[in-house]
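Colleague: I'm new to this one. Can you walk me through it?

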Amino acid sequence: MGDSFHLSTADLVALAFFLFVWVLHTLASDGKLVSRMSLTTAMNVQREAWMRTMAEREIRIVDTAIMAGLQQGTAFFASSSLIAIGGCFALVGASDQVVSMLSDLPLGATSSRSAFQMKVFGLVLILAYSFFKFGWAYRLFNYCSILIGAVPIPHGEASRNPVSETAVWRAARMNMLAGKHFNSGMRGVFFSIGYLGWFVDPTVFVLSTLLLLAVLVRRQFFSAARQAVIGQPPEPTPGPGKSRSMRPDSQ
């Protein structure tokens with residue numbers, strides 16, 4: 001079967017392991033496999049808190065500025081994904097030279113031109129997946145801006161009536177969905193880095209995937225960023241003029 005795709009059995013096993021790790025990390029980040037709260041889940045709580053705070057403000061310039069920043073960041077990564085796809089097609093045009101260079105590496109395995117092009121096509125698919133995720137996230141952030149504008153201006157109890165609560169829920173839900181698709185696009189970009197190990201050797205591919213997984217798991221579940229989101233401020237030190245430092249823990 002491997003020969004029919006110009007790939008060895010080791011290549012297919014390494015690819016299956018790569019996809020398994022990707023799915024596993026996605027489920028864990030979404031809180032579907034482990035009980036420990038991930039950074040993504042913690043930020044979704046803050047997104048909802050942001051929308052509820054926004055509903056209490058009459059002037060929402062801050063909120064529109066935040067939305068503009070989120071859209072600009074999403075557009076940047078969408079453009080970067082397209083540029084990377086163009087670079088992949090340039091690699092296909094220089095297949096012979098790149099295969100010769102890779103075969104000269106200390107750990108490089110001899111790879112056929114057809115196998116190399118198949119691997120480049122796989123990288124194109126990952127980057128195209130990321131582009132569509134970023135593109136959809138950009139549109140959802142745009143919809144979220146509209147839903148923010150649809151939240152009624154608060155006037156006493158008016159900010160807590162069923163109509164306002166529904167409007168806040170819609171804006172919060174749309175914001176979380178946009179963030180979910182943006183995170184999926186970023187995950188595709190991250191895993192495309194681990195995918196590069198496949199161009200050297202299937203064993204290197206597995207090792208690069210494991211290294212990438214270790215980095216992503218640390219960021220999601222054990223990083224200082226996660227602690228900053230879910231942590232509590234330190235108790236003030238007794239004594240006049242003394243306060244405990246707010247320096248983040250080194251993680």
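Modeller: We'll take salt bridges, then a helix, a loop residue and a surface patch.

Modeller: This is a predicted model, where local features need pLDDT of at least 70, side-chain atom pairs count only at pLDDT 80 or more, and totals for chains, interfaces and linings use all residues. Residues are numbered from 1 along each chain as its sequence is written, and side-chain values use heavy atoms, with hydrogens and water left out.

Colleague: How many salt bridges does a search of the whole structure find?

Modeller: Four. A salt bridge here is a side-chain nitrogen of Lys or Arg within 4 Å of a carboxyl oxygen of Asp or Glu.

Colleague: Which residues are linked in a network of salt bridges?

Modeller: E48, R52 and E165. R52 meets E48 at 3.6 Å, N to O. For R52 and E165, the closest N and O atoms are 3.0 Å apart.

Colleague: What about D63: buried or exposed?

Modeller: D63 counts as buried, at 0% relative accessibility. Buried means under 20% relative accessible area, exposed over 50%, and partly exposed in between (1.4 Å probe, protein chains only). D63 also forms a salt bridge with R57, the closest N and O atoms being 2.4 Å apart. R57 is partly exposed, at 26%.

Colleague: Which other residues are buried in α3?

Modeller: Among them are M67, Q71, T74 and A78. What covers the buried residues of α3 includes α2, α5 and α6. Helix α3 covers residues 61-93.

Colleague: New topic. Where is S223 found?

Modeller: In the loop between α7 and α8. S223 counts as buried, at 7% relative accessibility. Its side chain reaches the backbone oxygen of R219 at 2.7 Å. S223 and L39 are 184 residues apart in sequence, but 8.4 Å apart in space, C-alpha to C-alpha.

Colleague: Last one. Which residues form a nonpolar patch on the surface?

Modeller: F20, V23, L24, L27, L33 and V34, with about 500 Å² of accessible area together. V23 is found in helix α1, residues 9-29. Patch residues have over 30% relative accessible area and no salt bridge; like charges are joined within 9 Å, nonpolar side chains (Val, Leu, Ile, Met, Phe, Trp, Tyr) within 5 Å.

Conventions. Helix = DSSP H or I, 4+ residues; strand = E, 2+ residues; numbered from the N terminus. Expected span 1.5 Å × (residues − 1). Contact = heavy atoms within 4.5 Å. Areas by Shrake-Rupley, 256 points an atom, 1.4 Å probe, with all protein chains shown as cover. Polar contact = N/O pair within 3.5 Å; in protein donor to acceptor, adjacent residues only side chain to side chain.
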